[in-house]
Amino acid sequence: RPFLLRRDRLLRADRGLPLFVVEGPAGFGKTVLAELWLERQQSLQATVGWIGLTREACEPAAFIQQLWRGIGSDTSVLSERQIGTLAGRRQLFGVIASHFGESQGPQSLVLDDAHWLADADAESRAYFRELLQLASLRKRLCITTAVESARLGLNPYAADGRLSWIGAPQLAFTRAESDAFVRVCGHDASASSLDWIYRMTEGWPVLTQIALATPIDPKVTRLDAVPSISAIRCYIHQRIISELSVSERDVLWMLCCLGRAPISLLGSLEPGAQAVDDALRHFRQLRLIQDFEHGERSMIGLHPLIRSAA
C-alpha cells in the first residue's frame, strides 16, 4: 500500500540479524513498519511472507495454516485430517520448517501481532520457538509485539547477538516527523498548530492521525475541549484500557484521582506494592505514564490523553 511517511530512521535500526523485533503499544505503527521492512527485503531479492496473528489464529490448527500460508503455500490442499490431529500438525510443521530453513535464496517472514502467542496453547508456542531457531542471516523474521519481548522468550536471542530491537520511544514520531505527517495529510498548519498537535499527542502516531480528523484549534488548551477527543477516548479505551487486568485498572484509577504522585505513595495503597510495581512496569511499556521532578522528589502521572480517556 502507499505509505504517507517513509520512516528510514527506524529501518536503520535493523542490523541485518536473524530477528528484528518491533515492540510497542497499540497505535505506534508497528504493522506499518513491518510492511516497510518487508518491502525493503523484497527489494533485496528476498522471498517474502506475512503472518497476521489474532487470538483465534494462535490456536494450533489455525496457526499451522497461517504458517503454511506464510511460506507461500496453498491452504486449500490441507485436509482436516492433517490439521485436526497433533501428529498431522507436527508433520505439516516439518514441511514448513524444511521449506523455510532449506530453500534456496534469502527469505523474510513477518509475524505481526505475535503478542497473542504469549498466552497461546503450548503447542503453538512450541512451533513459534522452533521457527525462531530456524532464523538466520538469510532466513529472517520480523516480529511485532505489544507485550514485552521477554514474554515471547526472545531474551536468549538478544543475549546471543541474533536480535535487533526497536521500542515505543523510537517508534514515536519525532517533532520533525509529526510536522511532516501533518503536512503530508494535506493540512496547511501554522507553527503554533503543529506545536499544539505534538504537545497533545507526544508523537503517538495513531493519536496524531485521530487529532487531524477535525480542524486544528491552537486556542484550545484543555484536552476535554478537543473536538476529536471522543474518538481518541474511544480508541484508548478499546485498544488499551479494556485490555488491562482488574488490578491494573485499580492502579490506573488511583493515578487518575491523584494526578502526579510519588511511587511510594501508590505502593502504600490498595491493591498493594507488588501489584503497583507490576502495573507500573506494564504502563511504562505501554507509554501510559510520565515521570516528573517535584523539588527533590520523583513523581509519576498519567499521559494526559490516557487520563482524559480513563
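Colleague: What is a pocket, and what volume does the largest pocket have?

Modeller: A pocket is an open set of grid points with protein on both sides within 12 Å along at least five of seven lines. The model examined here is predicted. In this model, the volume of the largest pocket is about 1,300 Å³.

Colleague: Which helix supplies the largest share of the lining of the largest pocket?

Modeller: The lining of the largest pocket has 46 residues, and A26, G27, K30, A146 and R239 lie nearest the centre. At least two lining residues come from each of α2 (30–43), α11 (205–211), α12 (229–239) and α15 (273–286). The largest share, five residues, is supplied by α15.

Colleague: Which strand gives the largest share of the lining of the second largest pocket?

Modeller: The second largest pocket holds about 160 Å³ of space. Among the residues that line this pocket are F28, W204, I289, Q290 and D291. The largest share, three residues, comes from the strand spanning residues 289–294, namely β6.

Colleague: Why is the pair of F28 and W204 called tilted, rather than stacked or edge-to-face?

Modeller: The structure holds four aromatic pairs. In the pair of F28 and W204, the ring centres lie 5.1 Å apart. Planes under 30 degrees apart count as stacked and those over 60 as edge-to-face. The planes of F28 and W204 stand at 45°, so the pair is tilted.

Conventions:
Residues are numbered from 1 along each chain as its sequence is written. This is a predicted model: local features need pLDDT of at least 70, side-chain atom pairs count only at pLDDT 80 or more; totals for chains, interfaces and linings use all residues. Side-chain values use heavy atoms; hydrogens and water are left out. On a 1 Å grid over the protein atoms alone, a cavity is a set of points where a 1.4 Å probe fits but cannot get out, and a pocket is an open set with protein on both sides within 12 Å along at least five of seven lines; lining residues have an atom within 4 Å of a point. Grid points are joined across faces, edges and corners, and a volume is the space filled by probe spheres set on the points. Helices (H or I, at least four residues) and strands (E, at least two) are DSSP runs, numbered from the N terminus. Rings of Phe, Tyr and Trp (its six-membered ring) pair if their centres lie within 6.5 Å; planes under 30 degrees apart count as stacked, over 60 as edge-to-face and the rest as tilted.
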